[in-house]
Amino acid sequence: MGIRKDQSSLTPAERSAFVGAVKALKASGAYDVFVAQHLAAFLAGPNDPAHGGPAFLPWHREYLRRFERALQGIDPSVSLPYWDWTVDRTPTASIWGLDFMGGNGMGGNQQVTTGPFAFATGEWTLTVLDPGDTTPFLTRAFGAMGSLPTQQAVNAAKSVVPYDSPPWNAGSSVNTSFRNRLEGVIHNPGHMWVGGSMMAMSSPNDPVFWLHHCNIDRLWAEWQTENPGRMYLPPSGTPGVVAGHGLDDPMPPWNNETSPPTPRSVLNHHTLDYSYDNEAPTTPENVQLTIDAAPVSASIGRPGEVDIFTFEVASPGSYIVETQGTTDVVMGLYGPNDEDMFITEDDDGGAGQNSRIAGDLSSGTYYVRLRHYSSSSIGNYSISVSGSGTQPNIPTIEVNGPAINGAITAGNQRNTYTFTSASPGSYTIETAGSTDCFVTLHGPDNPNTLMAQDDDSGPGTNSRIVADLGPGSYFVQVRHYSPEGTGAYSITVKG
């Protein structure tokens, strides 16, 4: 398996091998094919398969891997390096060395005149250009259009869940769409800071494009490790989603291949035969939990570790999964019978900094994943599962009917409702009242498949979710924003 390294850690021989493979790919004409693919994606306008939508990350993961394989066809020792601009953020950083990416553009035309990709070498003439552009040389304008992302900004982006949210495009809230936060707030400034050729639709003309996007892919991989199971939204067939952006949609321009790549096919980058130099080397072992048994002792033994537990639900009913101890853990619940099917997550719903998830579960195998709230901390804890084995009735909300009154009467209480969408269209689910509600939408026809969530989009502290839904049964879960909070509310569905 190839290891993608921080460019600052490359040896002189590794830097030379990478540059040599890139220049050989350019000389063969294959490099410009990659540039043309990126340009064509942008020129597709609202049907862009690569930008401004959920497939931004999987499309570029596939794109980078194909480029990397092309380089390895020239030199098998080469892997894509990444540029960590939270550390190497000045024009004098090693990435801009004369033996690697070369330096900043010079003069009024911003031409890059140093390094292996300078026009004067005769080996780096730009031939695939944006419409109307005739510039044959690489250009850069460091810092002219803003700053590079900071580690604080990266941490804030990685804290956002779920992966994406309606309307599944550039208009998705950066507070509810990790993808749009990473694309718009972290990725875009990297292109802007370099400037010049990196600002064009044909931005892969600048070889630093690959190092920049390799770092974006690395951050996605880290987010996936920290949020296992929350890998991708939306499912294929979701109304209003551009073709190529659904979970199982073939991704252009490779959609006519015999086995075209889809977002699902690239979710696990290890199956693509590469890893990053900062990844933990071990795979966590599943530990079996027994319902109503004594808590099982465990620990986060190294920074970034994710512990995995499983338990079997024989009878549908209400169950509680919770931790005990002084370690600040974050817990995610997945299933049934699918360890990547996200249900819900909790941080401090239990006593102190413990996690607590209470919910109605159907029969099947469930998976619990635990990590420390801090990616640099360790600690001991215990975990238990308890359950009633009885399935409560789920109230039905009539679409366009009267509001249903509900109440949170105890800490961490979650109330579940169901409604039926008879025909495709836009539906609005919202609460009313003075209680600070948090609402999640699940379905279709599966109460464990998260589609959207909202806190304060309605009036005051009420929740509102507006979603394009197909026919089927949907489930709405209401809880208080505060783990200890209680209060009355009403809920409606309009469509």
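Biologist: Why does asparagine 337 count as exposed?

Modeller: The cut-offs settle that: buried is under 20% relative accessible area, exposed is over 50%, and partly exposed is in between (1.4 Å probe, protein chains only). Asparagine 337 comes out at 54% relative accessibility, so it counts as exposed. Bear in mind that this is a predicted model, where local features need pLDDT of at least 70, side-chain atom pairs count only at pLDDT 80 or more, and totals for chains, interfaces and linings use all residues. Residues are numbered from 1 along each chain as its sequence is written, and side-chain values use heavy atoms, with hydrogens and water left out.

Biologist: And what makes asparagine 400 partly exposed?

Modeller: Its relative accessible area is 45%, so asparagine 400 falls into the partly exposed class.

Biologist: What is the phi of asparagine 337 near, and where does that residue sit?

Modeller: Phi is near 65° there, a positive value in a residue other than glycine. Most residues other than glycine have a negative phi. Asparagine 337 sits in the loop between strand 9 (329–334) and strand 10 (342–346). Asparagine 400 also has a positive phi, of about 65°, and belongs to the loop between strand 13 (379–387) and strand 14 (404–408).

Biologist: Why do you say strand 10 is largely enclosed?

Modeller: Four of its five residues are buried, so strand 10 is largely enclosed by the rest of the structure.

Biologist: How do you know that strand 9 and strand 10 pair?

Modeller: Pairing asks for at least two bridges found by DSSP between two strands. Strand 9 and strand 10 have four, in the antiparallel sense, with tyrosine 334 opposite phenylalanine 342.

Biologist: What makes strand 6 and strand 11 edge strands?

Modeller: They belong to an open sheet of four strands, ordered 6-13-8-11 with antiparallel pairing. Strand 6 (296–300) and strand 11 (356–361) each pair on one side only. Strand 6 pairs with strand 13 over five bridges, and serine 299 stands opposite asparagine 380.

Biologist: Why is helix 4 called roughly antiparallel to helix 5?

Modeller: The two pack at an angle of about 160°, with their axes 9 Å apart. Axes are lines fitted to C-alpha atoms, for helices over the stretch in contact, and angles run from 0 to 180 degrees between N-to-C directions. Under 35 degrees is roughly parallel, over 145 roughly antiparallel, 65 to 115 roughly perpendicular, and the rest oblique. That makes helix 4 roughly antiparallel to helix 5.

Biologist: Which residues make the contact?

Modeller: With contact meaning heavy atoms within 4.5 Å, helix 4 brings Ala153, Val154, Ala156, Ala157 and Lys158, and helix 5 brings Phe178, Arg181 and Ile186.

Biologist: What is in the loop between helix 4 (151–158) and helix 5 (178–194)?

Modeller: Proline 162 is found there, and proline 167 lies in that loop too. The bond from valine 161 to proline 162 is cis, with omega near 0°, and the one from proline 166 to proline 167 is cis, with omega near 5°. Most peptide bonds are trans.
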